[in-house]
Amino acid sequence: MRAPPDPAALAAALRRGDRRALARAITLVESTRAEDRAAAEKLLALLPSSGDSLRLGISGSPGVGKSTFIEAFGLTAIRDGRRVAVLAVDPTSQRSGGSILGDKTRMPELAKSDRAFVRPSPAGRTLGGVARRTRETILLAEAARFDLVIVETVGVGQSETAVADMTDLFLVLIAPGSGDELQGIKRGITELADLLIVNKADGDLEPAAKRAVADYRHALRLLRPRAKSEGEMVVAVSALKGRGIAELWRQVVELGAAGRRRRPAQARAALWQEIGEGLLEALKGDAHIAPHLAAVEARVTDGSLTPTAAAREVLEEFLARRR
Ligand SMILES: Nc1nc2c(ncn2[C@@H]2O[C@H](COP(=O)(O)OP(=O)(O)OP(=O)(O)O)[C@@H](O)[C@H]2O)c(=O)[nH]1
Ligand SMILES: [Mg+2]
């Protein structure tokens, strides 16, 4: 068995901006081995605070152009002096090696740049585990002097919420002409999104992109009649042609400064989430309780016990055993 790396040495290498150290540190926080977990926590405690980073969440359905967009957008940020880390969150997908290849070939320049770091998502695991690991990975990237951290999610629903809850600004990419432009509004995604970005505004798709922008602006005015600047919340770009990307970058920098104010509340929410998950883990790992959980669940399933009564029973037993 390999010994975990020395946290102090790793922290020092991170502070120098060493990308290989960053890769090793991420592997460490992703590990579930107890001694790695202990080393990871020591490492995290040694890291400097996050400085002036901008944390950006990006989501959008498969094929909308996320990777192409991140390539163009990330290179624009690099030209503006940033160092860019791209992290992926993909809790549902089982694709592993494939996504690494796919992402890196769709971001060829970014993957080559020495001012960028692209980390694909390890597949599997629960959303809670993924969220904690990603939060920690953001801190590692920031300690390694990456001042634009892009968290991409290809998952839907909960993973979008998880990413929105750990970033300063959340962008949702939309494809035009898919016939379901307003589906995002139905799914409530616009409540999470700070900016809706209609991609592929080029060639044959340009008229459809313009319509999509108008449709979304209209829908947002109906949904949030009191807000003033909904028009500016929807923009059209072409990631492929690089159109609208520089303007969007300026807008993101501006909005991101305000979005940073969310961090204290996000940290508080993460604390309670971790406490909740820790308790649940302890409960499910309790040698006396765990064997009965399946039976309790079966009684709730067949209706012979209410969820409330069952939960009270389980919790009372769990808590009584700790007194
Ligand atoms: N016309 C046009 N095509 C684009 C644009 N951006 C991306 N595409 C194309 O759309 C396809 C999907 O692009 P990706 O960047 O791989 O999309 P993705 O959202 O990362 O896809 P997944 O990783 O599978 O979720 C590719 O064929 C791209 O070339 C654009 O701005 N205009
Ligand atoms: Mg992609």
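## Reading a predicted model: burial, rings and a ligand shell

Me: How many residues does the protein chain have, and what percentage of them count as buried?

Reply: Of the chain's 323 residues, 46% count as buried. Keep in mind that this is a predicted model.

Me: What does the secondary structure of the protein chain come to?

Reply: There are 16 helices and 7 strands.

Me: How should I read contacts in terms of sequence separation, and what share joins residues at least 24 apart?

Reply: Begin with contacts between residues at least 6 apart in sequence, then ask how many of those span at least 24. In this protein chain the share is 78%.

Me: Where do Phe69 and Phe73 sit relative to each other in helix H4?

Reply: Both belong to helix H4, residues 66–79, and because they are 4 residues apart there, about one helical turn separates them. Phe69 is buried at 0% relative accessibility. Phe73 is likewise buried, with a relative accessible area of 0%.

Me: Which kind of pair do Phe73 and Trp249 form, stacked or edge-to-face?

Reply: Look at the angle between the planes: over 60 degrees counts as edge-to-face. For Phe73 and Trp249 the angle is 80 degrees and the centres are 5.5 Å apart, so the pair is edge-to-face. The pair links distant parts of the chain, since Phe73 is in helix H4 and Trp249 is in helix H13 (residues 245–259), 176 residues apart. Trp249 is buried, as is Phe73. Phe69, Phe73 and Trp249 form one aromatic cluster.

Me: What lies over the face of Phe146?

Reply: Arg83 does, at 4.3 Å from the centre of the ring.

Me: How do I read a ligand shell, and which residues come nearest to ligand 1?

Reply: List the residues around the ligand, then pick out those that come nearest. Around ligand 1 there are 15 residues, and the nearest are Lys66, Ser67, Thr68, Arg106 and Asp202. Helix H4 gives the largest share of this shell, with 3 residues.

Me: Which polar atoms of the protein lie by the oxygen and nitrogen atoms of ligand 1?

Reply: A polar backbone atom of Val64 is 3.4 Å from an oxygen atom of ligand 1. In the side chain of Asn199, an N or O atom is 3.1 Å from an oxygen atom of the ligand. A nitrogen atom of ligand 1 has a polar side-chain atom of Asp202 at 2.6 Å. Taken alone, ligand 1 exposes 650 Å², of which the protein buries 77%.

Me: Where is Val198 found, and is it buried or exposed?

Reply: Val198 is in strand S6, residues 195–198. With 0% relative accessibility, Val198 counts as buried.

Me: Which residues is Val198 in contact with, leaving aside its neighbours within four places in sequence?

Reply: Its contacts are Ile174, Pro176, Ala209, Ala212, Val213, Val234, Val235, Ala236 and Val237. Take Val237 as a case: Val198 and Val237 are 39 residues apart in sequence, yet their C-alpha atoms are 6.2 Å apart in space.

Note on methods. Residues numbered from 1 in each chain as written. Chains lettered and ligands numbered in written order. Predicted model: local features only at pLDDT ≥ 70, side-chain atom pairs only at ≥ 80, totals over all residues. Heavy atoms only, no water. Helix = DSSP H or I, 4+ residues; strand = E, 2+ residues; numbered from the N terminus. Buried < 20%, exposed > 50% of the residue type's maximum accessible area, 1.4 Å probe, protein only. Contact = heavy atoms within 4.5 Å. Phe/Tyr/Trp six-rings, centres within 6.5 Å; stacked < 30°, edge-to-face > 60°. Lys NZ or Arg CZ within 6 Å of the ring centre and 35° of its normal. Near = heavy atom within 4 Å. Polar contact = N/O pair within 3.5 Å; in protein donor to acceptor, adjacent residues only side chain to side chain. Areas by Shrake-Rupley, 256 points an atom, 1.4 Å probe, with all protein chains shown as cover.
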